Amino acid sequence: TLRKPISQSSMADWASKNLNMHTQGIFRRRISISNMLSWNGGSIKKPMLITSNRTIKKEACEMFKLVQSYMGDRQTRMDRNHVALVTVTKCWSMQGLRDELYIQLIRQTTDNTCYRSLAWGWELMAISLAFFSPSPKFQSYLEGYIYRHLDSDEKIVQHIKELVDLKNKKITKSRKKRKQNTEDEGLPISTYAKYCYRKLQKVAVTGGKKGLRKPTVEEITHARNAILTPSLFGSSLEEIMLRQQDIYPGNKLPWVQTQLSQQVLALGGEQTEGIFRIPGDIDEVNALKLQVDQWKIPNSLSDPNIPASLLKLWYRELEEPVIPQQFYKECINNYENPDAAVAVVQLLPELNRLVLCYLIHFLQIFAQPSNVGRTKMDVNNLAMVMAPNCLRCQSDDPRVIFENTRKEMSFLRMLIVHLDTSFIKGLV
């Protein structure tokens, strides 16, 4: 959970301390903060943020050109997908460039008189948030900026018109005008802002893309599509069921849950030592995630740890945990009482109850003595690795978290041992 967005005065204060103030003209006059943070059609000679790193200083100026190219404000031979890929890969590989990219995007989406360019700037911000988070010190600034745009479409269009009128009065006929465009081309800015706000909250907690493989064009396309078509990962159970209504209208359970579970079993997961404890190769897991988000399961899988890792990730990234927050206290209070633990399950909303029962039924297969001998994952181990994916402690107190972790594990253990899930057989 993030802090309340900082006020504009706090944002101005942050900017005055962290911006690398630029100069202009032969007398090298300092540019004001408001001009530093307003759309710029030219290039920049030094980074937007203060840094002593020479590589960052050089890369920041090149990256500004890439941002302008993606937004259509600078001509380039590369297509926009490739521009985004180069930009994202630079920042993904070089942590020091990440805040610089976000502050450049803030600049280029402020007082921008071309709606299409503005929308593409927000789109690049949304794509970037799929791969990496800003630094903790810049996070609240970026959140404050996004927050101000959550419900501002009319104001934005009006502001663009005012800026255009003002420029048209100042500009002479001999000077080349930038193409002015206040038409609504594409999505409203609030759509991007709402997506970015949710994405920032998630990426700040979970971190960005992991693994050794650099971002790919497919991942860039997937990140752009996710703005309008939510991913099967990180959404709510209700959203996921709504999305699969057209493809699998008769299904009572999320397709992603049943398919990944069946894949683990099909690849002999119940006979694999350390299943759910030993992670699958992170790059392979990322590749499978991309496929699953397109409703595909490849035939080339051979390691059960890959679908097992992705399944755990799906549970962990649900917008609200399988056991909703309002039932958390009841679970913690009844971690030693089998009947009370089972009773909590019956209180859950129908969809959550089915999803949880499917998971417990799945874990009960692994808890059978004949399988435990091979996997070395008894009921305690299974409860240990799965409890954090089903229950989320909201406390910030390390002692409470530590104490509750034990109770969460014990609660899930009670369900694996005592919950009757026979009705789940055959359910999809």
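Predicted model: local features only at pLDDT ≥ 70, side-chain atom pairs only at ≥ 80, totals over all residues.
Good morning. A nonpolar core is a set of buried Ala, Val, Leu, Ile, Met, Phe, Trp, Tyr and Cys residues joined through side-chain atoms within 4.5 Å.

Let us start with the cores. The largest nonpolar core holds 65 residues, and those that touch the most other members are Ile103, Trp122, Met125, Tyr141, Leu142 and Ile146. Helix H6, residues 115–129, supplies the largest share of this core, 9 residues. A second, separate core has 64 residues, among them Val256, Ala308, Tyr335 and Val344.

What does tryptophan 122 touch, not counting residues up to four places away in sequence? Its partners are Thr109, Tyr145, Ile146, His149, Ile189, Tyr192, Ala193 and Cys196.

Next, helix H3. This helix runs over residues 54–70, and its 17 residues reach 25 Å from first C-alpha to last, close to the expected 24 Å. The buried residues of H3 include Ile56, Met63, Phe64 and Val67. Against which helices do the buried residues of H3 pack? They pack against H4, H5, H6 and H10.

I turn now to a pair of helices. Two packed helices are described by the angle between their axes and the distance between those axes. For H17, residues 350–366, and H20, residues 398–418, the angle is about 75° and the axes lie 9 Å apart. Because angles of 65 to 115 degrees count as roughly perpendicular, H17 is roughly perpendicular to H20. On the H17 side the contact is made by Leu356, Ile360, Leu363 and Gln364, and on the H20 side by Leu412, Leu415 and Ile416. By class, this contact has 6 nonpolar residues, 1 polar residue and no charged residues.

Finally, some loop residues. Glycine 234 is found in the loop between H10 and H11. Is glycine 234 buried or exposed? Its relative accessible area is 7%, and buried means under 20%, so glycine 234 is buried. Leaving aside neighbours within four places in sequence, glycine 234 is in contact with Arg198, Lys202, Glu317 and Glu319.

Most residues other than glycine have a negative phi. Aspartate 111, in the loop between H5 and H6, has a positive phi near 55°. Aspartate 111 is partly exposed, with a relative accessible area of 31%. Lysine 376, in the loop between H18 and H19, also has a positive phi, near 60°. Lysine 376 counts as partly exposed, at 48% relative accessibility.

Thank you for your attention.

Methods:
Residues numbered from 1 in each chain as written. Heavy atoms only, no water. Axes fitted to C-alpha atoms, helices over the stretch in contact; angles between N-to-C directions. Helix = DSSP H or I, 4+ residues; strand = E, 2+ residues; numbered from the N terminus. Parallel < 35°, antiparallel > 145°, perpendicular 65-115°, else oblique. Contact = heavy atoms within 4.5 Å. Nonpolar A, V, L, I, M, F, W, Y, C, P; charged D, E, K, R; others polar. Buried < 20%, exposed > 50% of the residue type's maximum accessible area, 1.4 Å probe, protein only. Expected span 1.5 Å × (residues − 1).
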